[in-house]
Every structure is written in C-alpha cells, then in structure tokens.
Amino acid sequence: MGEDGAVTSAPQRPDGPTPAPRLIATDLDGTLLRDDKSVSPRTIAALAAAEEAGIEVFFVTGRPARWMDVVSDHVHGHGLAICANGAAVVDLHAGREFVQVRALPRVAALAVVDALRAAAPGTSFAVELTTGINYEPAYPPFFKDPAAHIGTAEQLLRDETDDTAAPVLKLLAHHAELAPDEFLVLARESAGAHASITRSSPTSLLEISGPGVSKASTLALCCAERGISPAEVVAFGDMPNDVEMLSWAGTSFAMDNAHPDVIAAASGRTTANNEDGVAVVIERILAERIASRQIPTDSETATTDRA
C-alpha cells in the first residue's frame with residue numbers, strides 16, 4: 001500500500017464470533033461515512049438496531065463540533081459525541097453543547113509552534129477553539145470560515161491570555177512539501193514532549209492536542225463513567241488518530257481502506273467505508289446475539305404451535 005493509498009491486498013473479513021459489546025465507538029470520515037460524506041441507509045439501520053439492542057454508540061472523531069450535522073440525526077440515547085480527537089465531548093441533542101473540554105494549554109501550543117518552525121521550516125498553523133478556527137495567512141483554508149481571524153500562530157495564541165479566553169481544542173500544522181507520515185514522525189520527535197500529535201488527513205496536516213488527550217483517553221473516561229470496561233467496547237477506525245483507540249478497545253476493526261498502522265493495531269478487519277464496513281460488523285454482532293439466545297424463527301414458532 002502507498003502511504004495514503006488504498007489497500008491492495010485481499011480484505012480480511014470479520015471472521016469468528018465477535019464478543020457481545022456494551023458500547024460501539026466509531027470514527028466518522030473514512031470509517032462510518034462514505035467518501036461522499038453520507039451515512040448509508042444500511043449503516044443508519046445498523047446504528048439504530050444497535051441502540052435498540054441496548055448497545056451504546058459513540059461517534060469518536062477528529063471533526064470539530066460544528067461539523068457534526070452529518071450524524072446528528074443518527075445519535076440515539078445519550079446523544080454524546082467525542083470530537084476534536086478527544087478534546088471535547090459534545091451533546092448533539094442539545095445543539096452541539098460542550099459537555100467536557102480537554103484543552104491544549106496555550107503555553108504548550110506556543111512551544112509546539114516554536115519547535116516545528118525550527119524542525120520543519122515552511123509549516124503553517126491554524127488554531128481550533130471552542131468558538132471556531134483562526135489561521136495563518138499561509139495556512140490552506142480547506143474550509144473557509146468568514147468569521148476566522150488571520151494572523152501568525154504566535155499572535156493568535158497570545159491575543160487572549162486571561163481566564164476568559166476561549167479554550168484551544170487543537171493546533172493544526174500543515175506542510176506543503178513533507179510527506180504526511182514523514183511530517184508526523186518529525187513533529188513527534190521535535191515537539192512530542194509538549195503535546196499529543198497525530199493525523200487523519202491524506203495531506204500533510206497534523207492535529208495537535210493537549211498532553212495525554214486522544215480519542216482513546218476521552219473514550220476511556222466516558223466508558224468509566226458508565227462502568228464499561230475496554231473488553232466491552234468494539235471500535236472502528238482508518239487513520240493514525242484512531243490507533244490508540246483501536247489498541248485500547250477489547251475488539252477493534254480497521255477498515256479495508258485503512259492506513260497500515262491502523263491495520264496493525266486493530267484486532268480485526270472489515271470491509272471499506274464505501275462498503276458499509278461498520279454496518280457489516282454490527283449486523284454480525286446482533287445476529288450472533290440473537291443466535292446465542294436461541295430465539296426461534298417464525299417457521300419454528302409455527303411448527304411448535306401445530307404440535
């Protein structure tokens with residue numbers, strides 16, 4: 001497989017029984033969502049069936065809360081989602097209200113900026129806040145925000161220093177020339193002492209969170225509040241920002257389109273996101289649960305009634 005290309009080997013289908021979980025944790029882009037950013041009817045039905053069977057579903061994503069409309073209608077029960085790679089827990093039933101924030105200290109963010117400017121000249125930055133995103137003039141505006149402030153990372157991080165400043169969820173770092181994985185390794189070596197650094201984009205775009213903040217650590221907190229152990233969690237993902245979560249969960253699946261590091265970290269593998277790989281596993285879990293309870297089919301019930 002190329003660095004960000006498709007897996008060329010034959011997919012490993014989710015064979016063997018899957019432990020009955022209490023919680024399903026799934027990434028969105030490249031995992032639950034198809035490439036057109038839609039949720040397929042099959043996946044919508046599988047998510048609803050899981051919730052009806054008493055299995056909680058958590059969306060665990062690198063997306064900010066403001067980009068969660070795509071799945072807001074498909075959150076049942078608790079209504080919570082883990083956003084910004086674990087930096088925020090939001091209530092999608094309450095208009096994306098922040099329930100918990102695990103901020104990146106501005107001092108740490110400035111230390112990362114200094115380190116990356118020295119280690120990878122040409123790096124440009126954006127600052128993701130609970131109130132929106134601000135970025136440097138050279139940062140590619142992948143999704144333009146008319147309300148964004150433009151300035152150097154140093155200015156954006158120092159403009160507000162008092163207790164009323166909006167919390168920093170993520171620092172984003174982009175490089176136009178370095179390969180994505182090369183940039184990630186370089187950043188972790190030069191700035192990893194100050195923050196958690198990962199990536200989910202096919203481009204050389206890094207996502208930088210507070211020390212110890214990840215999808216896995218925030219998911220672990222949410223599960224602990226519910227008395228759910230790692231062994232009772234099934235997780236899905238496709239990119240390096242999912243590796244820790246897949247390693248933490250008792251059962252985990254890499255999508256067939258996943259990065260090699262994700263495939264290595266997961267305990268299983270399912271079909272690609274465009275082939276509803278999450279739904280494939282959920283359907284199997286529910287079918288195995290029914291079989292284990294030996295629920296009779298309609299024909300079996302009819303035979304019993306005639307006896």
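A salt bridge here is a side-chain nitrogen of Lys or Arg within 4 Å of a carboxyl oxygen of Asp or Glu. With that in hand, select Asp27, Lys215 and Asp242: salt bridges link them in a network. Searching the whole structure turns up 17 salt bridges.

Before moving on, a word on the model. It is predicted, so local features need pLDDT of at least 70 and side-chain atom pairs count only at pLDDT 80 or more, while totals for chains, interfaces and linings use all residues. Residues are numbered from 1 along each chain as its sequence is written, and side-chain values use heavy atoms, with hydrogens and water left out.

Next, pick Arg22 and Glu232. They form a salt bridge, with the closest N and O atoms 3.5 Å apart. The pair links distant parts of the chain, 210 residues apart: Arg22 sits in the segment before β1 (23–26), and Glu232 in the loop between α7 (215–225) and β11 (233–237). Helices (H or I, at least four residues) and strands (E, at least two) are DSSP runs, numbered from the N terminus.

Now go to Asp181 and Arg199, whose side chains meet in a salt bridge at 2.9 Å, N to O. Asp181 lies in helix α6 and Arg199 in the loop between β9 and β10, so this pair ties together parts 18 residues apart in sequence. Are these two buried or exposed? Both Asp181 and Arg199 are buried (buried is under 20% relative accessible area, exposed over 50%, partly exposed in between, using a 1.4 Å probe and protein chains only).

From there, colour the open sheet of 5 strands, ordered β7-β6-β8-β10-β9 with antiparallel pairing (two strands pair if DSSP finds at least two bridges between them). The edges are β7 (132–135) and β9 (196–198), each pairing on one side only. Zoom in on β6 (residues 124–129), which pairs with β7 over 4 bridges in the antiparallel sense. Ala126 has Tyr135 in β7 as its bridge partner.

Show helix α4 (residues 106–119) next: it packs on the sheet, touching β6, β8 (168–174) and β10 (205–209) (contact means heavy atoms within 4.5 Å).

Last stop: Trp67, Phe142 and Phe143, a nonpolar surface patch with about 320 Å² of accessible area together. Patch residues have over 30% relative accessible area and no salt bridge; like charges are joined within 9 Å, nonpolar side chains (Val, Leu, Ile, Met, Phe, Trp, Tyr) within 5 Å. Areas come from the Shrake-Rupley method with a 1.4 Å probe; for residues, only the protein chains shown count as cover. Phe142 itself is partly exposed, at 39% relative accessible area.

Methods:
Axes fitted to C-alpha atoms, helices over the stretch in contact; angles between N-to-C directions.
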